[in-house]
Amino acid sequence: LAWEGKMEALLAGAVDDEARVAILDAFGVAHTETQQHGKVASCYERQVDVLGTMELFRDQAFSMAIVSHHLHKAGDIAGARKWVARASHLAREHAFFETQCQSSIQLGILDLTEGHHEEGIDNLRHALTVIEFVEDEEKAKYFELDILYNLFKALMKHPSGDPAELEPLLCRFEEKAKASSTIPLFQHFRFL
């Protein structure tokens, strides 16, 4: 990309940490649009350090979760796990429920991807309990649908999946999906 070599010069000329955060964010978003997940992760890794210096821990935890997500997309599962664990720790330490919920979802999906079904299910269940404390209602709705969908799939595939647990999850998902206008997703889910 033509602008890619300019990031270091812009960072060197930045007047303060807020400007550095904005530059790194802009380059991270630009790389996201081009699906360059490793470069996105690199931008946000650098942003994590600056945010820590600024003591903006909520933003720092969120950036850690972004790093994890993009490392996962780039195929670096170990790196993704490391960063999401850091985000989860910071979120729990400061009671950042949105990032805590997001981190638990990411950990659950990583666990399930790696075949650690019990841990994945536990992380998704934890996310489902934390969802009640997420203040942004729109994000909470999105997270809840994501959790319910992944938890239901995991329990269906797990040999010790309790049928008594599946029906309430399916009913809750159905209710939330209808309320969120995600009918196509709901219809797909209903016939799994």
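The chain holds 10 helices and zero strands, where helices (H or I, at least four residues) and strands (E, at least two) are DSSP runs numbered from the N terminus. This is a predicted model, in which local features need pLDDT of at least 70 and side-chain atom pairs count only at pLDDT 80 or more, while totals for chains, interfaces and linings use all residues. Residues are numbered from 1 along each chain as its sequence is written, and side-chain values use heavy atoms, with hydrogens and water left out.

**Exercise 1.** Describe the largest nonpolar core and the elements that build it.

*Solution.* Begin with the term: a nonpolar core is a set of buried Ala, Val, Leu, Ile, Met, Phe, Trp, Tyr and Cys residues joined through side-chain atoms within 4.5 Å, and buried means under 20% relative accessible area, with exposed over 50% and partly exposed in between (1.4 Å probe, protein chains only). The largest such core has 25 residues, and those with the most contacts inside it are Cys 101, Ile 131, Ile 147, Leu 151 and Leu 169. Next, find the elements that give two or more residues to this core, which are α6 (97–113), α7 (117–130), α8 (137–157) and α9 (163–179). Of these, α8 gives the most, with 10 residues.

Then take one member, Ile 147, which touches Cys 101, Ile 105, Leu 124, Ala 127, Leu 128 and Ile 131, not counting residues up to four places away in sequence; contact means heavy atoms within 4.5 Å. Finally, a second, separate core of 19 residues includes Ile 66, Trp 83, Leu 107 and Leu 110.

**Exercise 2.** Work out how α6 and α7 are packed.

*Solution.* The two helices pack at an angle of about 160°, with their axes 7 Å apart; axes are lines fitted to C-alpha atoms, for helices over the stretch in contact, and angles run from 0 to 180 degrees between N-to-C directions. α6 is therefore roughly antiparallel to α7, a label for angles over 145 degrees. The residues of their contact divide into nine nonpolar, seven polar and two charged.

**Exercise 3.** Decide whether Gln 102 is buried or exposed, and find its partners.

*Solution.* Gln 102 is found in helix α6. Its relative accessible area is 18%, so Gln 102 is buried. Leaving aside neighbours within four places in sequence, Gln 102 is in contact with Phe 62, Ala 65 and Phe 143. For the chain as a whole, buried residues make up 41% of the 192 residues.

Conventions: Angles under 35 degrees count as roughly parallel, over 145 as roughly antiparallel, 65 to 115 as roughly perpendicular and the rest as oblique. Ala, Val, Leu, Ile, Met, Phe, Trp, Tyr, Cys and Pro count as nonpolar, Asp, Glu, Lys and Arg as charged, and the others, Gly among them, as polar.
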